[in-house]
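Have the structure open while you read, and follow the points in order.

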Amino acid sequence: MVLFFTCTAHDPPVTIYMGRDKVENEELIKYAWPQDVWFHVDKISSAHVYLRLPESIPSWDAIPEALLVDCAQLVKANSIEGNKRNDITIIYTPSDNLKKTGDMAVGQVSFHDDKRVKRVYIPKRENAIVNRLNKTKVERTVDHEAERIDRVKRENAVKRAAAAVKKKADLELAEARKAEKAARSYDSFLNAEVAEDDDSEEGKPKYDSVREMEEDFM
């Protein structure tokens with residue numbers, strides 16, 4: 001079972017979720033989305049909490065402070081030891097930075113790159129935040145593989161649509177450049193013809209005969 005929460009500290013509201021137990025945490029590690037950010041109490045046992053970044057937040061290291069605090073408070077509240085303590089640290093990192101090897105215990109993870117792990121300090125439990133989040137809690141069974149397939153299909157559809165738009169724009173740009181080049185060639189051709197006419201006029205004798213020259217001076 002997966003527990004879902006709606007965080008209204010951000011507009012529009014965002015989804016936070018976590019596994020009910022360490023077995024479910026294993027599934028979440030495996031099937032977390034690319035835009036998910038993982039939260040955990042530093043150095044002590046706690047729930048694995050994930051934030052699903054909306055499109056309005058460009059990256060995991062640009063999460064607004066209020067949203068970070070909500071996630072951190074939820075992690076603290078779901079840690080038996082961490083919930084009793086003050087002055088604790090919550091760590092967070094993109095889901096693709098989670099590292100799982102065969103010799104690790106169920107629910108245990110490490111990181112591919114420690115430099116991609118950030119920390120947020122929580123001095124004490126904020127009941128108002130925890131209660132607000134708990135009021136939105138929804139528990140449901142998730143078919144992670146089916147959800148992954150559906151997500152990939154949607155993402156591929158978006159990529160194909162974007163590629164089609166780019167292809168159309170590229171063709172229109174190529175046609176515009178072709179027309180511009182043709183216009184420049186035509187202008188060059190006209191200028192060359194005008195220059196030839198001028199040269200012809202300059203080389204042409206003023207009088208067609210001696211008689212015309214004599215009459216011009218009479």
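**Notes on the predicted model**

1. Let's begin with contacts along the chain. Of those with a separation of 6 or more, 64% are between residues 24 or more positions apart. Keep in mind that this is a predicted model.

2. Next, the overall layout. You'll find five helices and nine strands in the chain. Going along the sequence, they come in the order β-β-α-β-β-α-β-β-β-β-α-β-α-α.

3. On burial and surface: the chain has 218 residues, and 32% of them are buried. Its accessible surface is about 14300 Å², with carbon and sulfur atoms contributing 52% of that.

4. Have a look at helix α1, which covers residues 22-31. Glu24, Asn25, Leu28, Ile29 and Tyr31 are its buried residues. Where α1 starts, Asp21 brings a side-chain oxygen to within 3.1 Å of the backbone nitrogen of Val23.

5. Now the aromatics. Searching the whole structure turns up five aromatic pairs. One of them is Phe39 with Tyr92, a stacked pair with 5.1 Å centre to centre and 15° between the planes. Phe39 belongs to strand β3 (residues 36-41) and Tyr92 to strand β5 (residues 88-94), so this pair ties together parts that are 53 residues apart in sequence.

6. Tyr92 has another partner: with Trp60 it makes an edge-to-face pair, 5.9 Å centre to centre and 75° between the planes. Here again distant parts of the chain are linked, since Trp60 sits in the loop between β4 (49-52) and α2 (65-77), Tyr92 is in strand β5, and the two are 32 residues apart. Trp60 has 15% relative accessibility, and the cut-off for buried is under 20%, so Trp60 counts as buried.

7. Which residues make up an aromatic cluster? Phe4, Tyr17 and Tyr50 form one together. Phe4 also has a charged neighbour, as Arg140 lies over the face of its ring, 4.1 Å from the ring centre.

8. Last, one more charge over a ring. The charged end of Arg52 is placed over the ring of Trp33, at 3.6 Å from the centre of that ring.

Terms used: Residues are numbered from 1 along each chain as its sequence is written. This is a predicted model: local features need pLDDT of at least 70, side-chain atom pairs count only at pLDDT 80 or more; totals for chains, interfaces and linings use all residues. Side-chain values use heavy atoms; hydrogens and water are left out. Buried means under 20% relative accessible area, exposed over 50%, partly exposed in between (1.4 Å probe, protein chains only). Helices (H or I, at least four residues) and strands (E, at least two) are DSSP runs, numbered from the N terminus. A polar contact is a pair of N or O atoms within 3.5 Å; within protein, one must be able to donate a hydrogen and the other to accept it, and residues adjacent in sequence count only if both atoms are side-chain atoms. Contact means heavy atoms within 4.5 Å. Accessible areas come from the Shrake-Rupley method with a 1.4 Å probe; for residues, only the protein chains shown count as cover. Rings of Phe, Tyr and Trp (its six-membered ring) pair if their centres lie within 6.5 Å; planes under 30 degrees apart count as stacked, over 60 as edge-to-face and the rest as tilted. A charge sits over a ring if NZ of Lys or CZ of Arg is within 6 Å of the ring centre and within 35 degrees of the ring normal.
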